[in-house]
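This briefing goes through a sheet and the helices linked to it. Please look at the sequence and the model before reading on.

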Amino acid sequence: RGDYPELSALGVDVRRGDLQDLEAVRAAVSGCEAVFHAAAKPPPWGRRSEYEAANVEGTRNVIEACVAAGCSYLVYTSTPSVVGGAEDIEGGDESLPYRKDFSGAEYPRSKALAERVLLAADGQGGLRTLAIRPHLIWGPGDPHFLPRFVAKARAGQLRRIGRRDAEVDPTFISDAAAAHLCALQRLREGAEVSGRAYFVSGDERIGLWTMVDRMLGTAGLPALERSVPAALAA
């Protein structure tokens with residue numbers, strides 16, 4: 001989306017384009033042995049058509065471009081929100097089915113559609129595909145999670161939803177990057193992992209609001225005390 005001079009300084013060939021522009025995607029993957037598809041329209045706001053255009057049709061373009069370019073491996077960044085639903089999941093694994101009811105949650109709906117398209121493309125034109133599902137990525141350079149919490153807290157607009165400190169299993173940014181490299185390595189080794197999706201986490205569970213309070217503390221802000229009942233928020 002942006003200009004990254006620090007990458008250019010490292011010798012990276014940086015190209016900008018729209019996922020819906022097939023020719024731009026073809027130019028980006030030309031000559032590549034492996035592609036990491038980590039681009040998407042993120043949550044939470046947007047119309048269904050916007051999410052489908054970027055996340056579903058965009059993924060189809062990446063697949064088509066990879067096949068046309070003779071690319072061997074395609075690793076897709078998915079999300080755990082493609083499975084489950086309103087209920088908490090504890091101890092779940094990759095046997096969990098896709099959600100049946102997204103109830104207006106257009107981001108996970110589009111990611112589930114895209115993931116299915118990508119996994120179904122495994123073997124097409126010699127392309128091997130794999131999806132990983134990192135959960136709640138955080139760390140240095142985060143442009144969304146921490147900055148938004150801090151801005152809302154400083155404006156007095158941040159509230160806890162409910163009083164329960166539900167546990168989450170977040171993924172530190174370097175672990176997320178390592179997971180992508182491990183996925184590619186396993187594909188290169190010929191392991192029976194292609195055409196499948198895998199959860200990724202830091203294996204370090206923490207209460208969601210405990211994590212938020214610690215993040216706010218790094219900005220010199222107090223822990224959240226005010227809350228909104230979960231039913232009212234819903």
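In this predicted model, strand β3 (residues 128-134) pairs with β8 in the parallel sense, and five bridges join the two. Within this pairing, Ala131 has Ala197 of β8 as its bridge partner. Strands of a sheet pair through backbone hydrogen bonds, and the pairing may be parallel or antiparallel.

**The sheet as a whole**
- The open sheet has four strands in the order β1-β2-β3-β8, and their pairing is parallel.
- Strands β1 and β8 (196-200) stand at the edges with a single partner strand each, so one side of each has no neighbour in the sheet.
- From one strand to the next, the twist averages 20°.

**A helix on the sheet**
- Helix α4 (residues 106-120) packs on the sheet and touches β2, β3 and β8.
- The direction of α4 makes about 150° with that of β3.

- Strand β1 (residues 34-37) runs parallel to strand β2 (residues 73-77), and four bridges join them.
- Opposite Val35 stands Leu74 in β2.
- Between β1 and β2 the chain passes through helix α3 (residues 48-69), and this β-α-β crossover is right-handed.

**The two faces of β1**
- In a regular strand, side chains alternate between the two faces of the sheet.
- Which residues of β1 make up the covered face, and which the uncovered one?
- Val35 and His37 form the covered face of β1, while Ala34 and Phe36 form the uncovered face.

Note on methods: Residues numbered from 1 in each chain as written. Predicted model: local features only at pLDDT ≥ 70, side-chain atom pairs only at ≥ 80, totals over all residues. Heavy atoms only, no water. Buried < 20%, exposed > 50% of the residue type's maximum accessible area, 1.4 Å probe, protein only. Pairing = 2+ DSSP bridges. Right-handed = clockwise from strand over helix to strand, strands pointing away. Axes fitted to C-alpha atoms, helices over the stretch in contact; angles between N-to-C directions. Contact = heavy atoms within 4.5 Å.
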